[in-house]
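Please keep the sequence and the structure in view while reading.

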Amino acid sequence: MRYYFVRHGIAEDMAESDFSRQLTARGRRRVVQSAAVMKRLNLKPARVYSSPRIRARQTAEIISEALGLPVSLVEEVNFGFDLNDINKLTSDMHIDDEVMFVGHNPDMSLLVHQLTGVDVSMKKGGLARVDLLGRNARHGELVWLIAPKVFDALGKSDAQGTAQDAVTLTPPQKLPQTESPLHTLIRHRWSPVGFDRRRGIDRGTLLSILEAARWAASSSNLQPWRFIVAPKENQAEFQKVFSVLREGNQSWAQHAAVLMIAVAHKYREPDVINRHAGHDLGQAIAQMVLQALDHGIYAHQMGGFFPDKARALYRIPDEFEPYTAIALGYRSPDLEYLSDGHRQRESSGRLRQSLSEMIFSGAWEEAADFLR
Ligand SMILES: Cc1cc2nc3c(=O)[nH]c(=O)nc-3n(C[C@H](O)[C@H](O)[C@H](O)COP(=O)(O)O)c2cc1C
């Protein structure tokens, strides 16, 4: 889902009551201009919810008129608006819907912070776009934040497309073109190189991600997976895992919040190979990756590391095999510190073979009937 948070425009200081404070003439002018930019940005919320307080209501009405949408005045968006209110107001909406909330501070700034981890101070008349990873998700990305002054500048520029170019903070998700519907976490998963170097993963979240691996299925419930885990706060450990990565991966993985080495136990019994060890490790990682994404955290797996160096550094016994390294972190809104090549990679298209190239029946490489 996508949320737009709008803080009401500049309002008069005094009125009979706080409830009845109106937008000033300047406040109204600015909101009219912002609303025109929102139309140019092609904002299409399925619903606009506003606090019933007059200054919010007037702001919402100006925006709604520009976008050609009705406004719903709801008590939930009044003072004290929180995540539970959002969930209540959006519970019947479609996962791809957009919804706009017009309300007050500190609620607006706080909600953006709670959902994205970014400290923002929403100005009067400001607008934030937060893209969620699912319905009722508690984690999202601040795609952009437009301060009223930026609206002014955008309002004066008439070049087509300028507004969109000027406001993007976090590069858009690389959503695949799927042929059938997918669970939102699977649809949103991809392997970024642009990690937020300022943002760590808190202990509880990391434990939840690791717990997801723990509960994977495995042949005879042997649970052959092991993980060497290095959060960035422990610089010595982080550097140790970092030192086993190949240079090409080091260039971007240095910004990750957590680095891991994924290892599998190769034997069922001392002399009996576990043929499924790699399969089961991969499955545990896949669960971990999706659980991470449910927390707004992305994973990038790497074959590009030196297993022998890892074995030596960590004294990994012979019956265990280091398979991959994994970088975890939040996506960064700022890709300035990436190389041109990596920046390009963040927005390149995503390709997959067709189902008919991988789903057979009858004989090898015979595409299954039901695919046609
Ligand atoms: C086992 C494995 C090894 C990988 N090794 C690397 C690597 O060394 N460096 C890298 O940048 N990406 C690596 N990747 C990421 C893949 O390139 C990526 O998953 C693939 O291109 C599909 O893109 P997506 O994950 O964004 O859908 C690896 C992925 C897997 C599962």
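Ala, Val, Leu, Ile, Met, Phe, Trp, Tyr, Cys and Pro count as nonpolar, Asp, Glu, Lys and Arg as charged, and the others, Gly among them, as polar. The model is predicted, so that local features need pLDDT of at least 70 and side-chain atom pairs count only at pLDDT 80 or more, whereas totals for chains, interfaces and linings use all residues. Residues are numbered from 1 along each chain as its sequence is written.

By class, 2 nonpolar, 6 polar and 1 charged residues form the shell around the ligand. A residue belongs near the molecule if its C-beta atom, placed from the backbone, lies within 6 Å of it. The residues around the ligand are Trp190, Ser191, Asn249, Gln301, Met302, Gly303, Gly304, Thr324 and Arg350.

Strand β11 (residues 298-302) has 4 of its 5 residues buried, that is, with 20 or more other C-beta atoms within 10 Å of their own, C-beta atoms being placed from the backbone. Strands are DSSP runs of E with at least two residues, and helices are runs of H or I with at least four, numbered from the N terminus.

Two strands pair if DSSP finds at least two bridges between them. β11 and β12 (residues 320-329) pair in the antiparallel sense over 5 bridges, and Ala299 stands opposite Leu328 in β12. β8 (residues 258-265) also pairs with β12 in the antiparallel sense, over 8 bridges; there His265 has Phe320 of β12 as its bridge partner.

The open sheet of 4 strands runs β7-β8-β12-β11 with antiparallel pairing. β7 (225-231) and β11 stand at the edges with a single partner strand each, so one side of each lacks a neighbour in the sheet.

Methods:
Buried ≥ 20, exposed ≤ 12 C-beta atoms within 10 Å, placed from the backbone.
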